[in-house]
Amino acid sequence: MELRRRDYHVERPLLNQEQLEELGHWGSATRTHQWRTWFQCSRARARALLLQHLPVLAWLPQYPVRDWLLGDLLSGLSVAIMQLPQGLAYALLAGLPPVFGLYSSFYPVFVYFLFGTSRHISVGTFAVMSVMVGSVTESLAPDEAFLLDLNSTVNKMARDLERVRLASTLSVLVGLFQVGLGLVHFGFVVTYLSEPLVRGYTTAAAVQVFVSQLKYVFGLHLSSFSGPLSLIYTVLEVCWKLPQSVVGAVVTAFVTGVVLVVVKLLNDKLRRHLPLPLPGELLTLIGATGISYSVRLKHRFGVDVVGPIPAGLVPPEAPSPQLFAKLVGNAFAIAVVGFAIAISLGKIFALRHGYRVDSNQELVALGLSNLIGGIFQCFPVSCSMSRSLVQESTGGNTQVAGATASLFILIIIIKVGELFQDLPKAVLAAIIIVNLKGMLMQLTDIRSLWKANRVDLLIWLVTFVATILLNLDLGLAVAIAFSLLLVVVRTQLPHYSVLGQVPDTDIYRDVAEYSEAREVPGVKVFRSSATVYFANAELYSDALKQRCGVDVDYLISQKKKLLKKQELKLKRLQKELQKQAAASKDTPVSIDVNTSDGNIKSNNMEGSKAEQVSTENELQKTAAGGQEDAKAPDMCTLRALGLPQPEFHSLVLDLSTLSYVDTVCLKSLKNIFHDFREIEVEVYMAACHTPVVTQLEAGHFFDASITKQHLFASVHDAVIFALQHLRSNQVSPVLVTKL
């Protein structure tokens, strides 16, 4: 867009903070105590709270059946077709029997239908959450703890029961964390998970998922590793046992992967011509189960299969509180990651379709989904990006699509689930690996971030490497700590600049960046790109003194030394005069005059008194003259002391970047005023925001020597004032520096 030249002229008085407050009738804003409304009780407030915490009551009565119902039903069917194989596969990823993936695809989805505020995300099993759950179940209930005899036979039934107990208790604890954080409006916690951090973390989790499925792809029996470097140990063991691979499992996984990739490519090419995408995963599931049953893959080729899948739902079961202490750390990490993924996707769809997502209510909804799901033997869930995209693209408009999908899953659990007992686990592993494509493609972020922002690239790489090496829970903690530490470091290394005036404007820019910007003679304007607080206040002062081109500390020390010498010299002179006066008192007076004794005595006494009076007067005059010379301002100047003077008489601090001030910042600013006044440079501040001015007042920053007359509405106001009121012409007591 081309900007045509348009001159404008503004005439206004030069304004300092006092004049600005008087002109604008400034007054502190009235503070509203929101907590008072929490205890108000009325019918309208009760209805508002009910609609806030149970959003389905707000949108379902207004649901446009004719316009949206068909789209939601078709969308729900499409999502259910995807959710069936993913539920079975992700349960395997969590170290649980596949049927529990179906349970986790039913209960939480229906609960979110009641309490969620996003219309498009598909809640249910998700690869990252499943692998985090799997790391917990495999570390606390490893195969080695359930050996039946010396032949290394694992009691799978006892192991699975224990892992289900761990996963369901973990889900309840995750739900408690999420509901609690949502009720105290702690939804903003996700803001500490930046996009590079989340993408680096999910990419590392995808690598973890990929490695965890290799044992099913190659048909290997691996040891359970947990803790730091567990991924490395698993990869090494896979490489070591590759000669023991089951050929049937490798062929099954390879064929399944090829079929899935081909179907996905066909869906992409024929997207415009197909009303619904081809259900490649479901077709593969049905075909693989049929082939496995007819060919008897397990018995003839040693391919591991899913096994018996019980029909129907399981009764609710209370969690095990004795496991809370073991699971609390992992539960918090899973709660934060699950919410971060859900809210990020929810906000993307909300922005695309023009509605609002309440982050705190989303936290409550996701927490209730996990809490109630845990009671019904589910493991922690979040939302799936692939299913959410399908739900949106196939015509889904509300969570009616999610409820429809959960009902289809319920039918499968009751009637159809048991038919998949001959399904090879290698097929589920192939489904998981193919669905990792989107997350593994995030590796290309390295190239884009290298060009865009290398600090974000550093966050991405540290998150990725820490998650790979330290596992998912410790990796997330390291990533968040590093990200916050980097924020602090970046505020400690801001861009400091000396500003110059752009010709014929009241705009001031960095003279190092704008070649036409010129420093105003006699006035130095300084600005920092970050707020000043305890972590960078000293660096701010050092940078200011360095950029001004004056060794302020050296001048102050030399000035103090010279003044001290003058003071010592004056004291020495006073002592010498006092000695001379004392000596004159003790000197005898002899008069060789032939007179009477009476006359001699009289003359001697009168002469002695006269001499004493004259000596005392001389001492008083000398001492008084020395004290007046020492107290005179002209004798304390740098020029009078023989020290070099700064090339500027005024310093303007552009404080427009300050968002707040703390006590360390206040002390630092006061020291700047004091130090520069010592070298005969007056200091002014400019462009403070009103909350900062309020904080300056609360911190008792303004006093007799620093008033609001030293704070100006803009940098240009301060510069003009400094040029009109040179320090050499000032006699105001506010600007006098006391030594």
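**Close-up views of a predicted model**

**Figure 1. Helix H16 and the residue that follows.** Helix H16 (residues 324–353) comprises 30 residues and reaches 40 Å from its first C-alpha to its last, close to the 44 Å expected at 1.5 Å a residue. Helices (H or I, at least four residues) and strands (E, at least two) are DSSP runs numbered from the N terminus, and the expected span of a helix is 1.5 Å times one less than its number of residues. This is a predicted model, in which local features need pLDDT of at least 70 and side-chain atom pairs count only at pLDDT 80 or more, whereas totals for chains, interfaces and linings use all residues. Residues are numbered from 1 along each chain as its sequence is written, and side-chain values use heavy atoms, with hydrogens and water left out. A kink of about 35 degrees in H16 is centred on Asn 330; the bend at a residue is the angle between axes fitted to the seven residues ending there and the seven starting there. Gly 354, with a positive phi near 75 degrees, follows H16.

**Figure 2. The largest nonpolar core and a separate one.** A nonpolar core is a set of buried Ala, Val, Leu, Ile, Met, Phe, Trp, Tyr and Cys residues joined through side-chain atoms within 4.5 Å; buried means under 20% relative accessible area, exposed over 50%, and partly exposed in between (1.4 Å probe, protein chains only). The largest such core has 105 residues, of which Leu 84, Val 128, Met 132, Leu 170, Leu 285, Leu 423 and Leu 428 touch the most other members. H16 supplies the largest share of this core, 15 residues. Neighbours within four places in sequence aside, Leu 84 is in contact (heavy atoms within 4.5 Å) with Leu 102, Leu 282, Leu 285, Ile 409, Ile 412 and Phe 420. Another core, of 41 residues, lies apart from the largest one and includes Leu 643, Leu 655, Cys 688 and Leu 696.

Figure 3. The open sheet has 6 strands in the order E4-E3-E5-E6-E7-E8, with mixed pairing; two strands pair if DSSP finds at least two bridges between them. Its edge strands, E4 (508–510) and E8 (711–712), each pair on one side only. Parallel pairing over 5 bridges links strand E5 (residues 523–528) to strand E6 (residues 650–654), and Arg 527 stands opposite Asp 654 in E6. Helix H24 (residues 537–547) packs on the sheet, touching E3 (496–501), E5 and E6, and its direction makes about 45 degrees with that of E3. Axes are lines fitted to C-alpha atoms, for helices over the stretch in contact, and angles run from 0 to 180 degrees between N-to-C directions. Helix H28 (residues 663–678) lies across E6 and strand E7 (682–686), running at about 145 degrees to E7.

**Figure 4. Strand E3 and its two partners.** Of the 6 residues of E3, 5 are buried, so this strand is largely enclosed by the rest of the structure. E3 pairs with E5 in the antiparallel sense over 4 bridges, Val 498 having Phe 526 of E5 as its bridge partner. E3 and E4 also run antiparallel, joined by 3 bridges, and Gly 500 has Arg 509 of E4 as its bridge partner. The hairpin formed by E3 and E4 has 6 residues between the strands, and Asp 504 in the turn has a positive phi of about 65 degrees.
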